[in-house]
Amino acid sequence: MVHFTVCAVSSGVFKYMNINTDINILGSILDLDLINNVLQSQKIDASGSTVNLSNTKLKTTRSLQRYKRAIKNTLVYFNNGEVSGLFEAIFFKEGLSGNCLALLFLNASFNNDLLDYFNNNIFFPAFFGGRIAIKKDEIIACINDLKQREDAVREWSDSTIDVVARKYLALLEKFYLLEGGRYKTIKYKYIDDNQLIIFLYWL
């Protein structure tokens, strides 16, 4: 489901905020093999190879299509050829390496307005502020704040908000940005030269 709502930005100009359920879908991926399979199928698409249920842990074709759509729309849709070329160079050489996941995360944030909102208001401030952990309550509070001015989010029930908050934490964990059980701690790691180049290039 996709909703378009109007969001105010600091300049006083309004832009449309595209709110969809991709965070819930991507946060539910059981492992990264599905992402790898979708990317590999795009790489060799000319040969007619496709992702099917036999090489995933999914049980229905409908579920597979939902995941593929979210992966293609949020993770691997690139706004320009330079970013696409950079990603292909990394993926085809390293697979789903730390460098590749870092680029996919930044790209997903660019493509998905809700993910971008969460990252700018929750994860990035916590990460660059040197905090230890991120709690689900913080995300719920962030959604409730957004709920005051976004029509699409205003319709969300408490249970829906809880699910979105949990799936956002799960998504961060999938990209190795968080770790732990119920108490999710931020996973700080050494940034090598390649990841620094990716980050600077993205800026």
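**Exercise 1.** Leaving aside neighbours within four places in sequence, with which residues is phenylalanine 87 in contact?

*Solution.* The model is a predicted one. Once neighbours within four places in sequence are set aside, the contacts of phenylalanine 87 are Leu39, Val76, Phe78, Cys100, Leu103 and Leu104. Phe87 also belongs to the largest nonpolar core, which has 54 residues. Within that core, the residues with the most contacts are Ile71, Leu75, Phe87, Phe118, Ile134 and Tyr168.

**Exercise 2.** Classify the ring pair of phenylalanine 105 and phenylalanine 124, and locate both residues.

*Solution.* The count of aromatic pairs is 13. For phenylalanine 105 and phenylalanine 124, the ring centres are 6.3 Å apart and the planes stand at 85 degrees. Planes over 60 degrees apart count as edge-to-face, so the pair is edge-to-face. Phenylalanine 105 lies in helix α5 (residues 98–111) and phenylalanine 124 in helix α6 (residues 113–128), so that the pair links parts of the chain 19 residues apart. Phenylalanine 105 is buried because its relative accessibility is 6%, whereas phenylalanine 124, at 21%, is partly exposed. Both belong to a cluster linked by ring pairs, together with Phe123, Phe127, Phe128, Phe175 and Tyr188.

**Exercise 3.** Are tyrosine 117 and phenylalanine 118 buried or exposed, and which geometry does their pair have?

*Solution.* The centres of the two rings are 6.2 Å apart, with 55 degrees between the planes, and the pair of tyrosine 117 and phenylalanine 118 is tilted. Buried means under 20% relative accessible area. Tyrosine 117, at 10%, is therefore buried, and phenylalanine 118, at 0%, is buried as well.

Methods
Residues numbered from 1 in each chain as written. Predicted model: local features only at pLDDT ≥ 70, side-chain atom pairs only at ≥ 80, totals over all residues. Heavy atoms only, no water. Phe/Tyr/Trp six-rings, centres within 6.5 Å; stacked < 30°, edge-to-face > 60°. Helix = DSSP H or I, 4+ residues; strand = E, 2+ residues; numbered from the N terminus. Buried < 20%, exposed > 50% of the residue type's maximum accessible area, 1.4 Å probe, protein only. Core = buried A, V, L, I, M, F, W, Y, C linked by side-chain atoms within 4.5 Å. Contact = heavy atoms within 4.5 Å.
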